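Hi,

Here is the structure I promised to pass on.

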Amino acid sequence: MFNLIRRTPILRLTAFMAVDVAVIVISIWLAFLLRFDGKIPAEYVPFLWRFIGLAIVFIIPIFYFQKLYFFSLSYASTNEIITLFKAVTAVFVLLGFTIYFLGHYPSFRYFPRSTLFISYGLVFIFATAARF
């Protein structure tokens, strides 16, 4: 009766990805709130949504290829934390380069770079917490 949804690998992968998307959105939103002392100015709200979109596009595939969605929660160890740290670092290096090169375009011209560093730490902390 309580087992209405069968546990399949695809369902598990989808659930992990959904949790990671939520972690990304919350982390970047909190990074902008921390950067602007609790109130995000209206002119920076478009940067928030563009950065969230870019982060999702980069993070989900890199986490997938680093096999961060294919482990057992009961056997999670420090190896997963190290892999997660490497993956998050790689993602944010790529995001940094992408935002730097997109800085010549109007959509990222005045992007607050400190949010990149704040969100890096928050994504790592929240993604680790979601897995352990």
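This is a predicted model: local features need pLDDT of at least 70, side-chain atom pairs count only at pLDDT 80 or more; totals for chains, interfaces and linings use all residues.

The protein chain has four helices and zero strands, so the order from the N terminus is simply α-α-α-α. Of its 132 residues, 36% count as buried. Among contacts with a separation of 6 or more, 78% are between residues 24 or more positions apart. The chain exposes about 8,500 Å², and 70% of that comes from carbon and sulfur atoms.

Now for the inside. The largest nonpolar core has 34 residues, and those touching the most other members are Ile28, Phe32, Phe51, Ile59, Phe63, Phe92 and Leu95. Two or more residues of this core come from each of α1 (9–35), α2 (45–65), α3 (78–102) and α4 (114–131). The top contributor is α2, which gives 11 residues.

Phe101 is found in helix α3. Its relative accessible area is 52%, and exposed means over 50%, so Phe101 counts as exposed.

Finally, the rings. How many aromatic pairs does a search of the whole structure find? The search finds nine. One of them joins Phe36 and Tyr44, with 4.7 Å centre to centre and 35° between the planes, a tilted pair. Tyr44 also pairs with Phe47: here the centres are 5.8 Å apart and the planes stand at 40°, so this pair is tilted too. Ring pairs link Phe32, Phe36, Tyr44 and Phe47 into a cluster.

Are Phe36 and Phe47 buried or exposed? The cut-off for buried is under 20% relative accessible area. Phe36 has 13% relative accessibility, so Phe36 counts as buried. Phe47 is buried as well, because its relative accessible area is 7%. Phe32, another member of this ring cluster, is also one of the residues listed above for touching the most other members of the core.

Note on methods
Residues are numbered from 1 along each chain as its sequence is written. Side-chain values use heavy atoms; hydrogens and water are left out. Buried means under 20% relative accessible area, exposed over 50%, partly exposed in between (1.4 Å probe, protein chains only). Contact means heavy atoms within 4.5 Å. Accessible areas come from the Shrake-Rupley method with a 1.4 Å probe; for residues, only the protein chains shown count as cover. A nonpolar core is a set of buried Ala, Val, Leu, Ile, Met, Phe, Trp, Tyr and Cys residues joined through side-chain atoms within 4.5 Å. Rings of Phe, Tyr and Trp (its six-membered ring) pair if their centres lie within 6.5 Å; planes under 30 degrees apart count as stacked, over 60 as edge-to-face and the rest as tilted.
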